[in-house]
Amino acid sequence: NIYPTKTLLHNICLITPSHQNHRPLLLVGPGGCGKESLLRYYAFQNNIHLISHQCHASTTPSDIILVLLQHSVLQQLSSRNGQSIVVPSLSNPSEQLILLIKDVNLVRPDKYNSCTLISFLHQLFTYGGYYNKEQEFVTLSDKIQICLSISENRRESYKLCDRLTSLLSIVCIDFGRREDNIAIGLSVWNEENDDGNGIVTFVVDLCEVVRR
């Protein structure tokens, strides 16, 4: 369960225009601050199906396409010019799909400082689709939104190129505020008395010391 704190609701207001305007989203923040949880809460509230893929140093466009096609259907639009469209394969035809590509900054560039995954995403966001192995252009349905996330405190991470980030709506997220964490703790404790308040406050303060 996700407790709707003030910070969470504020972040929801920041990412909502991106989804409504079909604009790709980039979530930036330290690892463990709740980037995926934020999207999961938003998807739950709006009846959207959310899938995620964790990147590593060798992630390729084929990995992303495979994950996407596992939850989508490829429909042929024209046999003459080979045009196709990827639409979500969900029980409700009106339901939407969000694909979260996590830690995209972990993908290692080659010796020429270029990255096939970044080039693929740039093509996807610029032209609304990609070329498959048969060199046929595949369009992404407007019911599918691609979201990216990067963690700031990763050792082996690489800077995203400006030509990609210029296409994205960027939302920065940090760890929850102390009062938010106390509210979450009290909701789990389910007992707002003096003893519960003191214990939750002590645990939150201890976690803050350990995190620093």
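Q: What volume does the second largest pocket have?
A: The second largest pocket has a volume of about 300 Å³. A pocket is an open set of points on a 1 Å grid over the protein atoms alone, with protein on both sides within 12 Å along at least five of seven lines; lining residues have an atom within 4 Å of a point. The volume is the space filled by probe spheres set on the points, which are joined across faces, edges and corners.

Q: Which residues are closest to its centre?
A: Of the 16 lining residues, those are His-22, Leu-140, Ser-141, Ile-144 and Gln-145. This is a predicted model, where local features need pLDDT of at least 70 and side-chain atom pairs 80 or more, while totals for chains, interfaces and linings use all residues. Numbering starts from 1 along each chain as its sequence is written, and side-chain values use heavy atoms, without hydrogens or water.

Q: Which elements give two or more residues to that lining?
A: Strand 5 (96-102), helix 4 (116-127) and strand 8 (144-151) do. Strand 8 provides the largest share, three residues. Helices (H or I, at least four residues) and strands (E, at least two) are DSSP runs numbered from the N terminus.

Q: And the lining by class?
A: Seven nonpolar, six polar and three charged residues. Asp, Glu, Lys and Arg count as charged; Ala, Val, Leu, Ile, Met, Phe, Trp, Tyr, Cys and Pro as nonpolar; the others, Gly among them, as polar.

Q: New topic. How many residues are in the largest nonpolar core?
A: The largest core has 31 residues, and Leu-117, Leu-121, Ile-146 and Leu-148 have the most contacts inside it. Such a core is a set of buried Ala, Val, Leu, Ile, Met, Phe, Trp, Tyr and Cys residues joined through side-chain atoms within 4.5 Å. Buried means under 20% relative accessible area with a 1.4 Å probe, protein chains only.

Q: Which element supplies the largest share of this core?
A: Helix 4, with six residues.

Q: What is Ile-146 in contact with?
A: Leaving aside neighbours within four places in sequence, Ile-146 is in contact (heavy atoms within 4.5 Å) with Pro-24, Leu-25, Leu-99, Ile-101, Leu-124, Phe-125 and Leu-140. A second, separate core of 18 residues includes Ile-15, Leu-39, Tyr-41 and Cys-147.

Q: Which residues of helix 2 are buried?
A: In helix 2 (residues 35-45), they are Lys-35, Glu-36, Leu-38, Leu-39, Tyr-41, Tyr-42 and Ala-43. The buried residues of helix 2 pack against helix 1 (6-20), strand 1, strand 2 (48-54), strand 5 and strand 8.

Q: What comes just after helix 2?
A: Asn-47, with a positive phi of about 55°.

Terms used. 1 Å grid on protein atoms, 1.4 Å probe; cavity = no way out; pocket = protein on both sides within 12 Å on 5 of 7 lines; lining within 4 Å. Buried < 20%, exposed > 50% of the residue type's maximum accessible area, 1.4 Å probe, protein only.
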